[in-house]
Structures are given as C-alpha cells and as structure tokens.
Amino acid sequence: QVQLVESGGGLAQPGGSLRLSCAASGIIAGIYDMAWYRQAPGKQRELVASITSGGATNYADSGKGRFTISRDIAENTVALQMKSLKPEDTAVYYCNAARSRPLPADYWGQGTQVTVSS
C-alpha cells in the first residue's frame with residue numbers, strides 16, 4: 001500500500017520559514033517524479049515545486065528564490081524548505097509522486113496546512 005505522509009505544516013509569521021516533509025512508503029521515492037502542490041481556499045491546486053527521478057528541479061514563479069525542494073534517497077523522503085513566507089503562501093500543501101513507466105502511477109498525500117499570518 002502506497003502512502004505519502006506530509007508533516008511540518010503550521011503557523012508561520014510573514015518572513016518566517018517552514019520545512020515540509022513527505023515520507024513515502026510502499027514506493028521508492030527516488031524512482032518517481034516527486035512534487036509539492038498547494039491549494040488555497042477557493043483556488044485550484046497548483047504546482048509549487050518538483051524534482052524528477054533524475055534530480056532535476058522546477059519551481060513555480062511564486063516560489064523561486066524562496067522555496068527549495070530536496071530528496072533524501074536513504075530516508076525515502078522529499079522536503080520543501082520555505083523561507084520568506086508570505087500570507088499568500090497560505091494553503092494546504094500536498095505531496096505527489098508520479099511516474100509514467102513502466103505503468104502510469106500517481107499518488108497523493110493527505111495534505112498539511114500552512115498558514116502565514118501575523
């Protein structure tokens with residue numbers, strides 16, 4: 001059974017930092033393309049950052065220079081380090097694991113709430 005479990009969300013002040021972690025079980029995260037998405041109230045889910053199985057990273061413009069995605073092969077985890085947080089970063093953050101070969105697969109975590117407020 002595949003599980004992606006996010007942790008590290010919470011309340012942060014504007015300008016503060018948070019580190020989200022996604023622990024994968026049932027899959028080897030290193031062979032999947034891993035990503036963080038977020039969904040704010042009333043808005044569509046959007047990509048925040050991704051890291052391919054080969055290690056290439058990609059960031060949405062909203063997080064460039066502030067967010068860093070990383071992967072720990074040994075721990076089978078993916079992290080999102082967020083700094084210089086803004087109120088508009090407030091959302092539920094979801095971990096995603098996807099691959100297209102040998103068979104398509106797409107898994108989601110349950111999400112973790114991030115609230116940026118003074």
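Modeller: A contact means heavy atoms within 4.5 Å. By that count, residues 24 or more positions apart account for 53% of the contacts in this protein with a separation of 6 or more.

Colleague: Before we go on, what kind of model is this?

Modeller: It's a predicted model: local features need pLDDT of at least 70 and side-chain atom pairs count only at pLDDT 80 or more, while totals for chains, interfaces and linings use all residues. Residues are numbered from 1 along each chain as its sequence is written, and side-chain values use heavy atoms, with hydrogens and water left out.

Colleague: How many helices and strands are there in the protein?

Modeller: Both are DSSP runs numbered from the N terminus: helices are H or I with at least four residues, strands are E with at least two. Here you get zero helices and 11 strands, so the sequence reads β-β-β-β-β-β-β-β-β-β-β.

Colleague: And which strands form a hairpin with five residues between them?

Modeller: Strands count as paired if DSSP finds at least two bridges between them. Strand 9 (residues 91–99) and strand 10 (residues 105–108) pair in the antiparallel sense, over four bridges, and they form that hairpin, with five residues between them. Look at Asn96: its bridge partner in strand 10 is Trp108.

Colleague: What is the radius of gyration, and what would a compact globule have?

Modeller: It's taken over C-alpha atoms, and the globule rule is 2.2 Å times the number of residues to the power 0.38. For 118 residues, a compact globule would be near 13 Å; this protein has 14 Å, which agrees. Its C-alpha trace spans about 45 × 25 × 25 Å along the principal axes.

Colleague: What share of the residues is buried?

Modeller: Buried means under 20% relative accessible area, exposed over 50%, partly exposed in between (1.4 Å probe, protein chains only). Buried residues make up 39% of the 118.

Colleague: Which residues touch the most other members of the largest nonpolar core?

Modeller: Such a core is a set of buried Ala, Val, Leu, Ile, Met, Phe, Trp, Tyr and Cys residues joined through side-chain atoms within 4.5 Å. The largest has 29 residues, and Met34, Trp36, Leu80, Met82 and Tyr93 touch the most other members. Among the elements giving two or more residues to this core are strand 4 (33–39), strand 8 (77–82) and strand 9. Leaving out residues up to four places away in sequence, Tyr93 touches a list including Trp36, Phe67, Leu80 and Met82.

Colleague: Which cysteines does a disulfide join?

Modeller: The test is a pair of cysteine sulfur atoms within 2.5 Å. The structure holds one, joining Cys22 to Cys95 with S to S at 2.1 Å. Cys22 lies in strand 3 (residues 18–25) and Cys95 in strand 9, so the pair ties together parts 73 residues apart in sequence. The link is left-handed, with -80° about the S-S bond, and both Cys22 and Cys95 are buried.

Colleague: Loops next. Is Arg66 buried or exposed?

Modeller: Arg66 sits in the loop between strand 6 (57–59) and strand 7, and counts as buried because its relative accessibility is 10%. Not counting residues up to four places away in sequence, Arg66 touches Gln81, Met82, Lys83, Ser84, Leu85, Lys86 and Asp89.

Colleague: And what does Gly109 touch?

Modeller: With that sequence exclusion of up to four places, Gly109 touches Leu4, Glu6, Tyr94 and Cys95. Gly109 is in the loop between strand 10 and strand 11 and is buried, with a relative accessible area of 12%.
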